[in-house]
Every structure is written in structure tokens, then in C-alpha cells.
Amino acid sequence: MFVADRTTLAQFLIEECRRLPDAAELPPVILDVALACKRIAKAVALGSLGETQGVAGTVNIQGETQKKLDVISNDIFRSSTEWGGHVAAIASEEMDHSCPIPDHYPRGRYLLVYDPLDGSSNIEVNVAVGSIFSVLEAPAAGRPVEDSDFLQPGTRQVAAGYALYGPATELVLTIGNGVHGFTLDPQLGEFILTRPAIKVPEETREFAINASNSRFWEQPVKRYVEECLAGSTGPRDKDFNMRWIASLVAEVHRILMRGGVFLYPRDSKQPLKAGRLRLLYEANPVAFIMEQAGAAATTGKERLLAVEPTSLHQRIPLIFGSRTEVDRIERYHHEDAPQQIDTPLFNSRGLFRANV
Ligand code: MN
Ligand code: MN
């Protein structure tokens, strides 16, 4: 088929937003994000030739060492999206606080929050990385945008998506009308609609979790994983496979394409941090995409999109994927709740086991 027969991202957005009420200003925002992703794809694809690998010598607000490409990707996102007049402020994994767009540009109606380079520890080993973004409504004009304006539950997202820089560059998007995937045609420089109306299979035999943390897991997660590992000899009566790419975007993409479940649950490794992944620019956009693709996302105890954020860089336990598995894991959390009594005498290693 000639490329001329295919739908571009711009055509898709303009046609979809024509049908939605009050969405006319959304296509330019998403197209600017798409441009940022194309620029980042180009930087990533140069690999060691680009002199962009290695550490930047700085640390972000979360205490993580920034790679050069983290900083470059953040600058690319910012400069690609701040000029258009449709965004009021941006927030990023790599910036301590939100940032209003410069005064010489008109202020728009949206807030943009993003993880400019997800999975950046995979850069040196040439494994897939990505970018994740979420679009929210800005407060009415008349006062400066503050960090607290970004603290909206995921149900209020207007759009969300990610780019995956793998063997091909793909952009996956929802504006609340299902999930749609686009592949970058590098000659044309356009994202072309290649996966319309993605649906996650309800049943799966694949799970993804960082098993090196297993001694820190809570009982419901231990139970779920033990049952998967027991396979056809256990209560699940079927064998499972395990996957772990250590790049959230790549895990999301695999689960969208062929089902599966991903867990980065609450654990006791760092008791002050509720989870590993960040609510506003990792968990919320992923959860919006999952629900729009017929799958589910939870903290273990509640629907992820219902969580009321309390800070810009808040971490959250995140479990998402095929609906039947997510429902089961949530059920285990509710069933096993009494076992989390916080007294050493009654936990599973105490004198009196709470659940014998
Ligand atoms: Mn990330
Ligand atoms: Mn990142």
C-alpha cells in the first residue's frame, strides 16, 4: 500500500477532535508532543555516535543521576511544546517544580506533564526507551499556575500517551476515545496510523515483576506470584511466563499488543516511598491508556485513576494489564487485608500467624 493511502497523526487528530465537544485546541498540543518525540527518537537512534550518552553530572529532585539524554530530552520536550499558545504550564520528571510557559508566548488552556525519557538506564545497552505524557486542563487565566494545579486525579486527563523508541518508533495515544497506535515513517517524518482501536486481551499467561524485591513484597503480591510460578501444578492450573524489560513504556506496549500483567507494587524496601513509579507522569497516563484499551490499572487497593495526588513527584504502587488478572490481584489485596496488622507477633514470621 502506498503511504498516501494511510492516515497521518495530524489527519487522525483533526478528524477525531472535530467530533468531540470543545477539543479543537487539542490537536496542536499533541502534534507538538509528537514533534518532541521525533526529535528524541533521532537523538536516541544515534546511539554512541551522538555523543549524548553518559551522565550529565547532575541529580534530579528524586535523587536520581541524570543522564545527558534525560536532560536533552527534557529540553526538547520543553522547547517543542511551550511556543504554540495552547499550554499554560509544563511539569516534568526532570524539573523540581512546574514551569509556566515564557511570558512572550500566549497562555493556553492545557497543562502538560511528562517523563521525557523513560527507562533511561537502558540507553547504554541499546534496549528500548520511551517518553510518556499527560494533558490536563489548566486553571482559568488570571493567576499564575502552581504545582498544586497539576494535582488532579487521573480521571481528569484530557489526553495521554507515550512514544516507544524501539526497532521502530511508535506513538500510542488516547484522547478518551480508545487507544490508537502510530508508527513513525522516518522518510516522511510522519506518524502513520498502524494500530487503530487497540484492545488488551482479557486473559493472559504472562506477568512482569522485579522478582529481586520479592522479600519486600506484601502478602497479596507474594500469593499472586507464587500461584503464577506454581503454574499447572498450582491453583491457576496453567503455566505462566515472566517478562521484565525495566522500561515501563516497553512493558506497557507489550501488554497492549498481546496481554499480560505488570506489577510494581508497594513494598517495604523503602517504607517512606509508597511505590517506585510516579503518579502524575507514569502511572496516570498508563492507567488512562489501559482503561481505554479495555484493561485495568490499580494501586492494589483502589482504581489508580481515582487517586487524589498530593505532590508533583509522588510515587504510587502500580499494577496494570489484562482485566481478569488485575481484578484477581485487587481481590487478593482485599482478602488478605487482615494479615497486614502491624504488630510483629501477628505477621507471617511472628509467633502467631494471623492467617493460618
Ligand atoms: Mn520513567
Ligand atoms: Mn525518565
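Hi everyone, let's start at one of the metal sites. Two of them bring distant parts of the chain together: E93 sits in the loop between β3 (87-92) and β4 (99-100), while L117 belongs to strand β5 (residues 110-118), 24 residues apart. Both E93 and L117 are buried. Do keep in mind, as we go, that this is a predicted model.

Now, which residue bridges the two manganese ions? That is D115, linking ligand 2 and ligand 1, and the ions lie 3.8 Å apart.

So let's move over to that neighbor. The manganese ion (ligand 1) is coordinated by D115 (OD), D118 (OD) and E282 (OE), at distances of 2.0 to 2.2 Å. Here the donor spacing reads D-x2-D-x163-E along the chain. As for the two aspartates, D115 and D118 are both buried.

Let me finish with another residue, E325. You'll find E325 in helix α7, which covers residues 323-335. Is E325 buried or exposed? Its relative accessibility is 2%, so E325 counts as buried. What does its side chain make a polar contact with? The partner is the side chain of Y224, at 2.5 Å. Leaving aside residues up to four places away in sequence, E325 touches T204, Y224, R236, K238, F240 and V261.

Terms used:
Residues numbered from 1 in each chain as written. Chains lettered and ligands numbered in written order. Predicted model: local features only at pLDDT ≥ 70, side-chain atom pairs only at ≥ 80, totals over all residues. Heavy atoms only, no water. Helix = DSSP H or I, 4+ residues; strand = E, 2+ residues; numbered from the N terminus. Buried < 20%, exposed > 50% of the residue type's maximum accessible area, 1.4 Å probe, protein only. Polar contact = N/O pair within 3.5 Å; in protein donor to acceptor, adjacent residues only side chain to side chain. Contact = heavy atoms within 4.5 Å. Donors = N, O, S within 2.8 Å, 3.2 Å for Na, K, Ca; no water.
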